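Me: I've just opened this one and could use a hand reading it. Can we go through a few features together?

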Number of protein chains: 2
Amino acid sequence: MKKIINDPNQTVFDMLEGFTTAYPNRVKQLEGTSVIARKDAPVANKVAIVSGGGSGHEPAHAGYIGKGMLDAAVAGEMFTSPTPDQVLEAIKATDSGNGVFLIIKNYSGDVMNFEMAMEMAEAEGIQVEKVIVNDDVAVEDSEFTTGRLGIAGTIFVHKIAGAMAEAGASLQEVKDMAERVVNHVRSMGMALSSCTVPAVGKPSFELADNEMEIGIGIHGEAGIHRKPVGTADEIAEELTEKIITDLPYKEGNEVAVMVNGLGATPEMELFIVNGKVQKILHEKGIIVYRTFVGNFMTSLEMAGCSVTLLKLDSELKKCLDAPSDAIAFRV
Amino acid sequence: MKKIINDPNQTVFDMLEGFTTAYPNRVKQLEGTSVIARKDAPVANKVAIVSGGGSGHEPAHAGYIGKGMLDAAVAGEMFTSPTPDQVLEAIKATDSGNGVFLIIKNYSGDVMNFEMAMEMAEAEGIQVEKVIVNDDVAVEDSEFTTGRLGIAGTIFVHKIAGAMAEAGASLQEVKDMAERVVNHVRSMGMALSSCTVPAVGKPSFELADNEMEIGIGIHGEAGIHRKPVGTADEIAEELTEKIITDLPYKEGNEVAVMVNGLGATPEMELFIVNGKVQKILHEKGIIVYRTFVGNFMTSLEMAGCSVTLLKLDSELKKCLDAPSDAIAFRV
């Protein structure tokens, strides 16, 4: 295992410190917690947006904190759900009396712990609502999780729920729009290589020298199949076709596209994949409104990528285009 | 070699297509060239800023195109200087009569080809000035290059020259400020692993399983020494101490910090390095004005990082903080 770390059991702690010291005017770490919040939290007269999950997916989730996106992000241990008490801290620190909206990726642990925190917060008189993101079209039930997984499409939920909240929407209105995103977003990923959780010290899984896995999850959950590494065009086609037929996305639909790197993929390769994705969409008469290429939801040093499509309407476009000063999401 | 590409000899072509189709409202590719320019180039009443170099360093250089940064970026082949005629195309396409400023990283090929293009442009009556960036403190003369190499500090030159140009400065004023950045910026990098140029098909160099290289260049140029992989704190200390003593940066100085990933390094590790860099600076009484953490100047899928410090004054701060809409640089 070659990593730039100190104590393998302290990587999340060290990372959070390095994050808050990088952006001291934007964010704060809640004392004694693994919660990062907007420096100015709680923000008055606004629904607060809270997300989070296991660490190892940076810039998710703290990178999306900022005006127009998240009010707080809860960091679990590596690839491990944050505990309910940590989520509760985030809820309490961000609620300004207008309620808190939780964005949860569909992993059994995350769902359970966020929902438990939600109950604890409600018991303290805080209004809380939630959405569960399950954009991964690859497999229906994966290891430890019932239903589809939540992956990079979550970033669009952050952005659009965040824009609604910033514009003064009610908790119910934020929830309705977040659900609209979940209903209209689909993703699928693939990997060329595995990754190593520092405290474990060995790769999560193994791929042969000429093998790739299609449909892999962001923790290395088994995908659809393994096969010899294809060309970028073949990879883009397999991912995009499965996504398009799933919703389905149709001729005349307007979409936002995200080509996401899993951590160790050169940006060059992401752009090569994007070139083919754009061609496929163009051929099908699906109109691309905006494109996002980069590392948005990673799996440590996994090499690979995912493709996400979000079907847009005029309200979703307005939210997508709304200003945000989150470090990791440029509109 | 595991990569998400099509023809290994067409990676730059495919990447440029994927880049321009991702951001069709921001950029355009000059027909028949490997030059990407601002969509609205040439921008009237403004000095144009042009940079570029070999490909494989994404988001450098096209990611820095935008209002307040670059007007055009010239992409060479992988790790290979762009040819003079390509640079000339960029100059001609961006000049609005106010002159063109070239930002060149100190590599013999880049310097030679950009200077040749400069002479060709001047022969056509276009005013051109240049700066040569040589921020890498690791080695004095490296393979193929006399003097110090230009690495991630170049991004600060893009930003500050771009801000000057956007604010209406003359060609000479842009040049003076760019030289001030070069005089005040220092960087050093390290690698845990090598990278593979697609058309070559094998790693540029080899590092043993428990070995890192300190002072490596962004094309794998030999650094100061190889040794067993240290902790993040040790790595941060070795890089930062050498940088600080070089200028030197002194107690009371204000600096911008950049912790840059070389392509395959998880963002988590960059933040861990940043945590220690901030502590070292704090202990020395060096004041951090702003911090940038991410992949700014990469070497394909090399694992490793670099640290950059820029000593600031009030004018440099103003330029650093000026708005920019470049995709890869958020202020």
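Reply: Let's start with burial. A residue is buried when under 20% of its relative area is accessible, exposed when over 50%, and partly exposed in between (1.4 Å probe, protein chains only). Buried residues account for 64% of the 331 residues in chain A. Keep in mind that this is a predicted model: local features need pLDDT of at least 70, side-chain atom pairs count only at pLDDT 80 or more, and totals for chains, interfaces and linings use all residues. Residues are numbered from 1 along each chain as its sequence is written, chains are lettered from A and ligands numbered from 1 in the order in which they are written, and side-chain values use heavy atoms, leaving out hydrogens and water.

Me: How many helices and strands does chain A have?

Reply: Helices (H or I, at least four residues) and strands (E, at least two) are DSSP runs, numbered from the N terminus. Chain A has eight helices and 12 strands.

Me: Which residues of helix 2 of chain A are buried, and what do they pack against?

Reply: An α-helix has 3.6 residues a turn, so residues three or four places apart point the same way. In helix 2 (residues 84-94) of chain A, the buried residues are Pro84(A), Gln86(A), Val87(A), Leu88(A), Ala90(A), Ile91(A) and Thr94(A). Contact means heavy atoms within 4.5 Å. The buried residues of helix 2 of chain A pack against several elements of chain A, including strand 4 (72-78), strand 5 (100-105) and helix 3 (108-123).

Me: Where is the cis peptide bond with an omega of about 15°?

Reply: That bond joins Glu58(B) and Pro59(B). Pro59(B) is in the loop between strand 3 (48-55) and strand 4 (72-78) of chain B.

Me: And what rotation superposes chain A on chain B?

Reply: Copies are superposed by least squares on the C-alpha atoms of residues with pLDDT of at least 70 in both. A rotation of 180°, with 0.0 Å of shift along its axis, puts chain A on chain B (RMSD 0.0 Å). The two copies are thus related as by a two-fold rotation axis. In chain A, the C-alpha nearest the axis belongs to Ala264(A), 1.9 Å from it.
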